[in-house]
Amino acid sequence: MMSSGPAGPYSALRLAWEALRGHRHWRPAWRSVARPRDAYRVVVVGGGGHGLSTAWHLAAEHGITDVAVLEKGPIGLGNVGRNTTIIRSNYFMPENIRFYEHSLKLWERFEQTHGFNAMVSQRGTLNLFHSDGQRDQFARRANAMRIEGVDCELLDRDAVKRLVPLIELDNTRYPVLGGFLQRRGGTVRHDAVPWAYARSASARGVDIVEHCEVTGIRVEAGRVTGVETTRGTVRAEKVVLCVAGHSSRLAEMAGFRLPIETHALQAFVTEAVKPCLDCVVTYGAGHFYISQSDKGGLVFGGAIDGHNSYAQRGQLPMAEEVLAAGKTLMPALSRLRVLRQWAGVMDMSMDGNPIISTTPVGNLYLNGGWCYGGFKAVPAGGFYTAHLVATGAPHPVIAHFALSRFREGRTIDERGAGPYPWAH
Ligand SMILES: Cc1cc2nc3c(=O)[nH]c(=O)nc-3n(C[C@H](O)[C@H](O)[C@H](O)COP(=O)(O)OP(=O)(O)OC[C@H]3O[C@@H](n4cnc5c(N)ncnc54)[C@H](O)[C@@H]3O)c2cc1C
């Protein structure tokens, strides 16, 4: 299905035609709505990946087009445009494998669905292991994935070196013993994702209102009735919070607390070099992952800064730690200059897994707790959030993501690390 949108469908023919006309006739990719209307059936708070994906799925799958996406800034400048673009479905728990594999399948047809070039690149994701115990853990994970029909392979040292010559197998601290490869994993151009969803949702009648901050949530007799915004009050039958690192602030506006902390997560990109790394690599002995962008820069990141913050900037100690891990794994990196560094604000849930759920307030829904892995989940996150909002009940695939799991002691132990927030 090709969406047309205000700008009409994109195609090679159209590109040639517009080039002949001096590129003066392109129209904006989505309708810019200056002010929200007084009332909508559904208000989605947050114009990031999950908010826009939810709005599009509401319109496309459920025929609910009386929807507004309210975004406090320009769309796509939150985490959806700040991440390191990695997609994969190499999880361990069957429930998680099913959810993330559905997302990966949606990525595989994303460009055809939206008629938008998002540079979906299934170049493979390689997780390295450095001890026998870690190899056994990966073997278990690989078996769990295969049982669910998802691709993955265990590689020995030689195969790792053939795939990524840059890796120093015998680095003195944590020699590489092998790797766990999902060939269908890879990267997607992150900026293109909110643009594509905005264009497709707008074409179906969804209002996308930028520079419209939600400052309050109206609740009457235990049910949501609308939101207060910097552009006035907007009434709504249903409200969905898709605000990632701001989830706890919005929940507070509605009168409840979430098991979520906000932390900064940094990313880095080097100067452009010739192609030298054609898969995503994750270091198993430190928090470090790296890929090469199509422009040639090496894009990498590590762990969250270890303190709560809503500031979209990181601190030097973590930058140093990430760079040290990178140099241990790939000493050649030390020859490159880092051109840019930035950060996003992560909604770290207390078991490291997302929340797609009803809330203590009637008709108020939550999509959050993505930690630092919510980009890959954008297609399925929107799909299942829209299903929840449209039907009022969770789809079986996301039943385990309910908020109530924290109260009931049913937290998700994807890493087998036990019920300790710090371990996730
Ligand atoms: C450096 C970094 C690297 C990452 N790498 C990866 C990766 O490789 N793979 C992966 O899967 N994930 C990755 N992530 C995580 C991923 O980017 C996030 O989990 C995901 O983008 C969060 O969902 P979102 O896109 O909806 O969030 P966002 O894009 O942050 O959307 C939330 C939106 O809500 C808006 N908002 C907030 N408060 C209000 C308000 N009061 N009113 C109106 N609007 C509001 C914000 O402005 C924002 O636009 C990374 C994140 C970072 C920062």
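How far apart do the C-alpha centres of domain 1 and domain 2 lie?

## Model and domains

The C-alpha centres of domain 1 and domain 2 lie 29 Å apart. Domain 1 comprises 12–83 + 191–259 + 351–423, and domain 2 comprises 125–183 + 261–346; these bounds come from an automatic or database domain assignment. The contact between them takes 8 residues from domain 1 and 9 residues from domain 2, two residues being in contact if their C-beta atoms, placed from the backbone, lie within 7 Å. On the side of domain 1 that touches domain 2, the residues divide into 2 nonpolar, 5 polar and 1 charged. Here Ala, Val, Leu, Ile, Met, Phe, Trp, Tyr, Cys and Pro count as nonpolar, Asp, Glu, Lys and Arg as charged, and the others, Gly among them, as polar.

This is a predicted model, in which local features need pLDDT of at least 70 and side-chain atom pairs count only at pLDDT 80 or more, while totals for chains, interfaces and linings use all residues. Residues are numbered from 1 along each chain as its sequence is written.

Not counting residues up to four places away in sequence, Val42 touches Leu58, Ile64, Val67, Ala236, Glu237, Lys238, Val240 and Val389.

## Helix H10

Helices (H or I, at least four residues) and strands (E, at least two) are DSSP runs, numbered from the N terminus. H10 has 14 residues and reaches 20 Å from its first C-alpha to its last, close to the 20 Å expected at 1.5 Å a residue; the expected span is 1.5 Å times one less than the number of residues.

Of the 14 residues of H10, 12 are buried, meaning that 20 or more other C-beta atoms, placed from the backbone, lie within 10 Å of the residue's own. Among them are Phe383, Tyr384, His387 and Val389. Gly392, with a positive phi near 85°, follows H10.

## The ligand shell

Around the ligand are 37 residues, each with its C-beta atom, placed from the backbone, within 6 Å of it. Gly46, Gly48, Gly78, Gly344 and Gly374 come nearest. Helix H2 (49–62) and strand E12 (260–272) are the elements that give two or more residues to this shell.

The shell residues divide into 14 nonpolar, 18 polar and 5 charged. Domain 1 and domain 2 each supply at least three residues to the shell.
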